[in-house]
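This report describes a structure for a reader who is new to the subject. Please keep the sequence and the model in view while reading.

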Amino acid sequence: MSDHPKTMAEKILSRASGKSSIAGDYVWAVPDLVYLNDLMGPVALSVIRKIGIGKINYGGKLIFIVDHIYPPKDVSSANNIKIIREYAEENNFVFIQGGEGIEHTVLIEKKLIRPGDLAVGTDSHTVTLGAVGCMGVGMGITDVSAIMALGKNWFLVPESIQIDLIGRLRKYVSGKDIILSVLKILKEDGANYMSMEFHGEAIRHLSIDQRMAIANMTVEAGAKAGMIEPDELVGRFFDIDEEDLKNVRSDEGSHFAQRVDIDLDSIGPQIAVPYSPANVHDVKEYVGVRVDQVYIGNCANGTITDLREAAEVLRNRTVAKGVKLIIVPGSRDIYRQALKEGLIDVFLDAGAVISPPNCGACAGLHMGVLGDGETAISNTNRNFKGRMGSPESRVYLANTYVAAAAALDGRIIDPEASL
Amino acid sequence: MKGRVFLIGDNIDTDVIAPAGYLHLGIPALRDHVLEAVRPDFHTLVRPGDIIVAGKNFGYGSSREQAPAVLKDIGISLILARSFARIFFRNSINIGLPLGIIKDLNSVKDGDIVDYDIESGKLYDDSGNIIALFAGPTGPLSEILAEGGMVNFIKMKLGIK
């Protein structure tokens with residue numbers, strides 16, 4: 001295919017820019033897809049108005065999707081949704097109303113992206129698309145408006161870090177623990193401006209849901225994109241044959257700036273403690289920490305796999321007195337599937353409240369915001385100071401088993417020891 | 001330009017700079033909450049021309065452009081840091097807020113009044129001594145900044161008056 005062995009990021013940006021490129025090159029590239037949510041979409045449209053162009057010069061797929069504050073909690077959030085809906089309808093762009101699901105989850109579920117695509121979203125967790133080998137890059141609203149106005153934008157072709165996964169996950173250990181283990185090594189900026197590429201024989205044992213959990217938090221190490229080498233499973237999901245998948249995967253002999261090895265057999269449940277998702281420890285070091293709230297589900301871990309894991313822990317058990325347990329299916333289809341499997345009954349019997357699919361309290365927006373001095377454990381992706389509400393609150397991040405188990409006694413437990 | 005220094009640590013994230021709970025209300029609603037989780041007095045002290053001197057990975061986290069936008073809106077005219085998170089870096093240039101990567105830093109204290117020159121990348125104390133060297137934006141980035149940000153840059157490129 002080319003003169004020079006290329007990483008996935010190099011291949012994708014070479015194709016999207018129409019010019020063979022390697023790490024360190026600046027290119028003008030045309031994304032295959034651009035998507036905007038209800039929090040950023042209205043601001044992007046005000047930037048478009050400021051630029052003063054009449055029509056959009058971007059020729060790719062453009063999607064407006066409502067997920068951050070839905071159903072709207074106040075007049076401003078309702079107006080924001082109205083603004084992007086009217087704009088999308090007037091200009092014949094795809095508009096996905098709230099309730100369908102969280103943007104990154106929906107894009108994968110509905111196959112709106114494909115392996116090898118370059119997608120730009122107005123959300124840093126756009127990297128989640130890397131679960132299926134799509135280069136998802138988060139950008140700010142002016143950058144996205146620039147794509148809409150110019151039809152393209154500039155990209156620095158990133159260096160790549162190779163992360164090699166071997167072995168098998170133990171019971172009560174999931175994709176979340178893989179990415180937390182990586183963050184423990186790379187820290188908050190270990191992949192800043194880089195692409196993280198996951199390889200290794202262990203990948204074939206990981207479901208797409210597990211891969212989403214991994215790709216989702218690559219941005220917590222600063223990554224521009226985080227991609228799992230697409231294999232047969234992804235090929236079947238998208239109906240793509242092996243030859244085409246090979247063109248997406250990195251070439252033999254391509255250059256990686258760094259290599260990290262993770263042996264899945266050696267990792268137990270992990271926990272990121274306040275105030276950084278890269279402040280990662282073994283769960284057993286935090287056993288006994290009291291929690292006021294358990295929050296399950298966002299773009300990292302709101303999948304049917306997560307809901308099954310939560311139900312496994314909560315079945316025939318009840319939440320500790322006074323503890324708030326909030327469960328957020330990532331999409332309408334996931335919600336429906338959970339209903340069919342009886343998981344919603346398990347949650348209701350346990351004393352949980354079920355939220356419609358949205359970004360909710362993960363970013364302190366609504367539906368589960370934390371009060372002064374409160375502590376939460378969550379399977380979401382960020383625990384910055386004040387992230388889920390009060391600047392005086394604290395958030396612990398862990399896999400779904402660990403989060404759900406903490407609801408039973410109102411304290412963090414190690415599922416490997418206590419379930 | 002002269003201003004006061006706000007000294008701040010490593011990995012200052014965009015949730016701390018611009019808490020998400022106020023994003024849907026727009027920049028004016030964010031003013032009273034900027035950096036509140038780590039510097040509750042910041043929004044009352046900051047004046048036009050002030051600068052932030054930070055550690056590594058400033059602007060870590062979400063893609064929200066409101067983070068640099070509210071800092072600029074409230075008066076910050078330069079951010080110096082050991083390094084910047086990727087999306088924050090792009091966003092700042094795009095909205096016309098200059099950034100500098102610290103190369104050499106003598107003692108700078110919170111509250112110091114400093115003088116600075118972005119083009120030459122120098123920070124001076126009140127007596128005119130150089131106290132820090134930094135790499136300001138160059139090449140296309142300085143062209144975007146010279147236009148006051150990406151919006152004007154695009155207008156110039158597309159020939160829109």
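## A covered helix in chain B

Helix α4 of chain B spans residues 66-73 and is mostly covered, with 6 of its 8 residues buried. A residue is called buried if 20 or more other C-beta atoms lie within 10 Å of its own, exposed if 12 or fewer do, and partly exposed in between; the C-beta atoms are placed from the backbone. Helices (H or I, at least four residues) and strands (E, at least two) are DSSP runs, numbered from the N terminus. The buried residues of α4(B) are Gln66(B), Ala67(B), Pro68(B), Ala69(B), Val70(B) and Leu71(B).

Their cover includes α1, α2 (27-30) and α5 of chain B. Just after α4(B), Gly75(B) adopts a positive phi of about 125°.

## Basis of the model

This is a predicted model, in which local features need pLDDT of at least 70 and side-chain atom pairs count only at pLDDT 80 or more, while totals for chains, interfaces and linings use all residues. Residues are numbered from 1 along each chain as its sequence is written, and chains are lettered from A and ligands numbered from 1 in the order in which they are written.

Two strands pair if DSSP finds at least two bridges between them. Strands β3 (residues 78-81) and β4 (residues 99-105) of chain B run parallel and are joined by 3 bridges. Across this pair, Leu80(B) stands opposite Gly100(B) in β4(B).

## Where the chains meet

The interface between the chains brings 34 residues of chain B into contact with 39 residues of chain A. Two residues are in contact if their C-beta atoms, placed from the backbone, lie within 7 Å. On the side of chain B that touches chain A, the elements giving two or more residues are α1 (14-17), α5 (86-95) and α7 (150-158) of chain B. The largest share, 6 residues, comes from α5(B).

By class, this side of chain B has 16 nonpolar, 10 polar and 8 charged residues. Here Ala, Val, Leu, Ile, Met, Phe, Trp, Tyr, Cys and Pro count as nonpolar, Asp, Glu, Lys and Arg as charged, and the others, Gly among them, as polar.

## The domains of chain A

Chain A is divided into domain 1 (8-265) and domain 2 (272-414), with bounds from an automatic or database domain assignment. The C-alpha centres of these two domains of chain A lie 24 Å apart. In chain A, 35 residues of domain 1 are in contact with 29 residues of domain 2. Elements that give two or more residues to the domain 1 side are α4 (103-109), α6 (175-186) and α7 (208-216) of chain A.

## The largest nonpolar core

A nonpolar core is a set of buried Ala, Val, Leu, Ile, Met, Phe, Trp, Tyr and Cys residues joined through C-beta atoms within 7 Å. Which residues touch the most other members of the largest nonpolar core? Of its 197 residues, they are Val294(A), Ala404(A), Ala406(A), Ile51(B) and Ile79(B). Helix α13 (residues 400-409) of chain A gives the most to this core, with 8 residues. Domain 1 and domain 2 of chain A both give residues to this core, so the core lies between them.

Leaving aside neighbours within four places in sequence, Ile51(B) has contacts that include Val5(B), Ile79(B), Leu80(B) and Tyr116(B).
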